[in-house]
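User: I am new to this structure and would like to go through its salt bridges. Please start with the terms.

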Amino acid sequence: MSLTSALNTAQAIFRNTGEQTSVISTNIANDGNANYVRRAPVVTNTIYGASTVNTERAQQMALLRQLTGATSASSAQDTLLNGLTTLSNALGGNDYELSPSTYLAELQNSLEAFAASPGEYTLAATVVTDAQDVAKSLNAAATTVQKLRTDADAEINNQVKELNRLLGEFKVANDAVVKATALGTDPSDALDTRDTLLKDISEIIGIDASTRANGDMVIYTSEGTALFETVPRSVTFTRTLSYDATVTGNQIYVDGVAIEPGDGGNTSADGSLSALLQLRDEIAPTFQTQLDEVARGLIEAFAETDPLGVAPDMPGLFTWSGGTTLTSGTVEPGLAGSITVSSAVIASSGGDPMLLRDGGINGATYKWNTGNNSGYTTLLMGYTDALDADRAFDASADLKTSMSVMTFASGSIGWLEELRSNATTASDNKVALYERSFQTYSSQTGVNLDEELSLLLDVEQSYKASAKLVSTIDAMLQAVLDMAG
């Protein structure tokens, strides 16, 4: 080997070690950065010696797809579980001590006690107080349901804005990748940014991404609608500022195609948007219907009838904003929010609790105990029987259509608890899947500090060898010069 060749080899080693050190140092600086994918310098031999030709990125598209899928599923499940927990907490949490079902059981007990001693004014007052607790519980639960829908709608609006922002940033990163790939320059930084945005997008909406020529990426929703192809597709939503039981929320559109809500406690939703739709449009309205049907059952059970059968039936102990009788087996939207106890039996409002025993809440026409008999129990026993009697319920409540109001109220709690239990189990499973996917992806693409430090030592040894070679060449050149002199 000539001295010139040896010197070229040393220069190549210096160049290689410099580039390798730069890449390894960048890796070390990003240790713990979940959005950084490790780089590795690739060295090939040329006629002039070893030469670094490019930097490879430890890309794992299959694992990235698995991670984004797990992210979407976990995000949707957590969103659903949070909404179900909000409903459960409004009813008292795990014991449901604030639920209409619990207060209704107390009302039934106090009513039976009053029927056993119909002359006791304090027992009559207790029934009225317990009835007020039932009505307030229904009112509060209905308010929580509609607040949940309003909050879900507001969050949908926020996330649609965020999704559009992310898609805009994704275009910038994708264009940078395509340009760098076409020019033959290193696109690693742009790829890191693009992958990070892809993971963020997958939290909001389920996606399926694929790569085309020059590294160009296209994104479809998990339902098959184009979300990004060269340019972002339009994601639109019109917010509804307030909700009641009669209001239907607006759809979310991706490129003109509506996003479908998830289904079930172990939700089929991918991404938080689909889960928010499920809460707003499926679960909350169904639970509202159940509350409305409990309220209707109570109004029917305690309705006043004319002893002569001439005047129409009227709401008795329980009334509502409409103030008229209701259609059996048909839900009255929003009834749970307006049900109340008649002021005619509330002592603090100038009423008489004993009207519950005697009749006449709606006037003398409806009075049964005309002799003011202190032992009169006909109406009280009738109310007790009415609470236990089967009656028709609307099928949209997603429960059996024929049962007692007591059983229906308990069934509503069971419906919610089953959903929440399934959602909790599914959340644990999907979080575990996400963590495994993240760990697998990180182990293949992340920085291993021990490995990088070991590589740095190898580069240092190469540098030392090159320095020694240059020193030797220098000595040999000096010897040649000395000989020439």
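Analyst: A salt bridge is counted when a side-chain nitrogen of Lys or Arg lies within 4 Å of a carboxyl oxygen of Asp or Glu. The model is predicted, so local features need pLDDT of at least 70 and side-chain atom pairs pLDDT 80 or more, while totals for chains, interfaces and linings use all residues. Residues are numbered from 1 along each chain as its sequence is written, and side-chain values use heavy atoms, leaving out hydrogens and water.

User: How many salt bridges does this rule give?

Analyst: Side chains of opposite charge can pair when their charged atoms come close. Under the rule, the count of salt bridges is 15.

User: Is Arg-420, which meets Glu-417 in a salt bridge, buried or exposed?

Analyst: The N to O distance between Arg-420 and Glu-417 is 3.2 Å. Both lie in helix α10 (residues 405-445), three residues apart, about one turn of the helix; helices are DSSP runs of H or I with at least four residues, strands are runs of E with at least two, and both are numbered from the N terminus. Buried means under 20% relative accessible area, exposed over 50%, and partly exposed in between, with a 1.4 Å probe and protein chains only. At 12% relative accessibility, Arg-420 is buried.

User: Which strand holds Arg-391, the partner of Glu-300 in a salt bridge?

Analyst: The side chains of Arg-391 and Glu-300 come to 3.1 Å, N to O. Glu-300 belongs to helix α6 (residues 272-301), so the pair ties together parts 91 residues apart in sequence, and Arg-391 lies in strand β12 (residues 391-392).
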